Amino acid sequence: MPAIVEPNRARSNASAGTDSGAGHWLDIYLLCHNRPESAREAIASILAQQVGGFRLIVSDNSTDARVATMVTQNFPDVVMRLRGGMPPFEHFNTCIAEAKASYFCLFHDDDLMDAGFVGVM
């Protein structure tokens, strides 16, 4: 069973500090694997959305602790799930199965989200 890290309250448009899914119309899963700097930029771009009502979950499938350490230090309010080396297909399916909102988005740690993306969805 993967570890679930649920820090305090979000400081952004995302409701990142809760894992209930209640009140969110969109779950954004950021899939990470051994790229802490790319993940940092991706998280910042997601948190910079112009509208709220979404929940950000960082799903860390890394083989080391660099992404988890970066998230804890830079984004302490973001919900993080530590997967620990799942095969990619299983990682995707796990995130889809866990999504609780009406809509979900799988986003990758080497991408940046335009500030208007969630509003257009």
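Student: Which residues line the largest pocket?

Tutor: Start with the idea. Rolling a probe the size of a water molecule over the atoms shows where empty space is left. A pocket is an open set of points on a 1 Å grid over the protein atoms alone, where a 1.4 Å probe fits, with protein on both sides within 12 Å along at least five of seven lines; lining residues have an atom within 4 Å of a point. Here the lining is Leu31, Cys32, His33, Arg35, Asn61, Met86, Pro88, His91, Phe92, His108, Asp109 and Asp110. Two elements give two or more residues each: strand E2 (26-32) and helix H3 (88-98). H3 gives the largest share, three residues.

This is a predicted model: local features need pLDDT of at least 70, side-chain atom pairs count only at pLDDT 80 or more, and totals for chains, interfaces and linings use all residues. Residues are numbered from 1 along each chain as its sequence is written, and side-chain values use heavy atoms, without hydrogens and water.

Student: How much space lies in the largest pocket?

Tutor: About 160 Å³. A volume is the space filled by probe spheres set on the points, with grid points joined across faces, edges and corners.

Student: How do the lining residues divide into nonpolar, polar and charged?

Tutor: Ala, Val, Leu, Ile, Met, Phe, Trp, Tyr, Cys and Pro count as nonpolar; Asp, Glu, Lys and Arg as charged; the others, Gly among them, as polar. In this lining, five are nonpolar, four polar and three charged.

Student: How many helices and strands are there in the chain?

Tutor: Both are DSSP runs, numbered from the N terminus: helices are H or I with at least four residues, strands E with at least two. This chain has four helices and five strands. Along the sequence the pattern reads β-β-α-β-α-β-α-β-α.

Student: Which residues of H1 are buried?

Tutor: Buried means under 20% relative accessible area, with a 1.4 Å probe and protein chains only. In H1 the buried residues are Pro36, Ala39, Ala42, Ile43, Ser45, Ile46 and Leu47. Their cover includes E2, strand E3 (54-60), helix H2 (66-74) and strand E5 (103-108). Across the chain, buried residues make up 45% of the 121 residues.

Student: Is Ser59 buried or exposed?

Tutor: Ser59 lies in strand E3. Ser59 is buried, at a relative accessible area of 0%. Contact means heavy atoms within 4.5 Å. Beyond four places away in sequence, Ser59 touches Tyr29, Leu30, Leu31, Cys32, Arg81, Arg83, His91 and Cys95.

Definitions and conventions: Buried < 20%, exposed > 50% of the residue type's maximum accessible area, 1.4 Å probe, protein only.
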